[in-house]
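Here's a quick tour for anyone meeting this protein model for the first time. Have a look at the sequence and the fold, then read on.

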Amino acid sequence: MPSSVWQNKTQAALRFFEQNRAEFMRELREVARIPSISFPGYPQQQLERSAQAVATACSRWGLSQVEILRFEDAYPYVYGEWKGSTDNPDAPTVLLYAHHDVQPPLKEELWKSPAFEPVEREGRVYCRGIADDKAGIWIHLASIGSWLRTAGELPVNIKILIEGEEEIGSPHLEAFLSEHQEKLRCDLLVLTDLSNYDRGVPSLTTSLRGLVVLDVKAKALDH
């Protein structure tokens, strides 16, 4: 398909997003109200609620084969996909990643508003986990939904994986990926759990090199 046609479809998708921004934000706020804290000592059923809400949204915005994947005693993952580019049967497959678990609110008395009640102040919405990383989920879903509701198809094949234990270090992720390597096989991975340069300024991180934690202990005389 000529590039001009895809440009027109992109513009149509962007217009759809702007026209439906309020609906996407409403959905994001609803999921942000779920205290899906993955740290020990917090109710696991909230992560189940969160996973189910994300799965429902994935289906609503056009993904198929949506399921909640369970692995050992890990918190639930959500998986969905879209396949079938009619114009390019050899289109690449993109795996989209985000996570639905969040950090604890810690000292709630220091919050200006309840930790799990989204409140807008000066153009920003404040709520535990709404940026990290439930907004990341809705970036994926808003993009997919806007394309499918206008163009009727996507330029690439899509798989989406929403993890439930990222905030506690993803202790089961390596084994989970080994178990589901065929299901998750892809040509490219895009994740929406990164920093942003500034409000209104899109940022793109092109490579990640993991995380290393090191404890250093030093002993010295008292004077």
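## A covered strand

Let's start with strand E2 (residues 77-82), which is mostly covered: six of its six residues are buried. Buried here means under 20% relative accessible area, while exposed means over 50% and partly exposed lies in between (1.4 Å probe, protein chains only). Tyr-77, Tyr-79 and Glu-81 point one way from E2, Val-78, Gly-80 and Trp-82 point the other way, and all are buried. As for the labels, helices (H or I, at least four residues) and strands (E, at least two) are DSSP runs, numbered from the N terminus.

Before going further, keep in mind that this is a predicted model: local features need pLDDT of at least 70, side-chain atom pairs count only at pLDDT 80 or more, and totals for chains, interfaces and linings use all residues. Residues are numbered from 1 along each chain as its sequence is written, and side-chain values use heavy atoms, leaving out hydrogens and water.

## The sheet around it

Which strands make up the sheet, and in what order? Five strands form an open sheet in the order E1-E2-E6-E3-E7, with mixed pairing. E1 and strand E7 (188-191) stand at the edges with a single partner strand each, so one side of each has no neighbour in the sheet. On average, neighbouring strands of this sheet are turned by 15° against each other, direction ignored. That angle is taken between axes, which are lines fitted to C-alpha atoms (for helices, over the stretch in contact); angles otherwise run from 0 to 180 degrees between N-to-C directions.

Two strands pair if DSSP finds at least two bridges between them. Strand E1 (residues 64-69) runs antiparallel to E2, joined by four bridges, and Ser-64 has Glu-81 as its bridge partner in E2. On to strand E6 (residues 157-163): five bridges join E2 to E6, again antiparallel, with Tyr-79 opposite Leu-161. Strand E3 (residues 93-99) and E7, by contrast, pair in the parallel sense over four bridges, and Val-94 stands opposite Leu-188 in E7.

## Helices on the sheet

H3 lies across E1, E2 and E6, running at about 175° to E1. H4 packs on the sheet too, touching E2, E3, E6 and E7, and its direction makes about 145° with that of E3. Contact means heavy atoms within 4.5 Å.

Ser-50 sits in helix H3 (residues 45-60). Is Ser-50 buried or exposed? With a relative accessible area of 0%, Ser-50 is buried. Not counting residues up to four places away in sequence, Ser-50 touches Val-31, Ile-34, Ser-36, His-100 and Lys-134.

## Helix against helix

Helix H1 (residues 3-19) and helix H4 (residues 130-150) pack at about 115°, with their axes 8 Å apart. H1 and H4 are therefore roughly perpendicular, a label for angles of 65 to 115 degrees (under 35 is roughly parallel, over 145 roughly antiparallel, the rest oblique). Among the residues that meet are Trp-6, Phe-16 and Phe-17 in H1, and Ala-142, Trp-147 and Arg-149 in H4. By class, this contact of H1 with H4 has seven nonpolar, four polar and two charged residues. Ala, Val, Leu, Ile, Met, Phe, Trp, Tyr, Cys and Pro count as nonpolar, Asp, Glu, Lys and Arg as charged, and the others, Gly among them, as polar.

Helix H2 (residues 21-32) packs with H4 at an angle of about 145°, their axes 10 Å apart. The contact of H2 with H4 has nine nonpolar, one polar and two charged residues.
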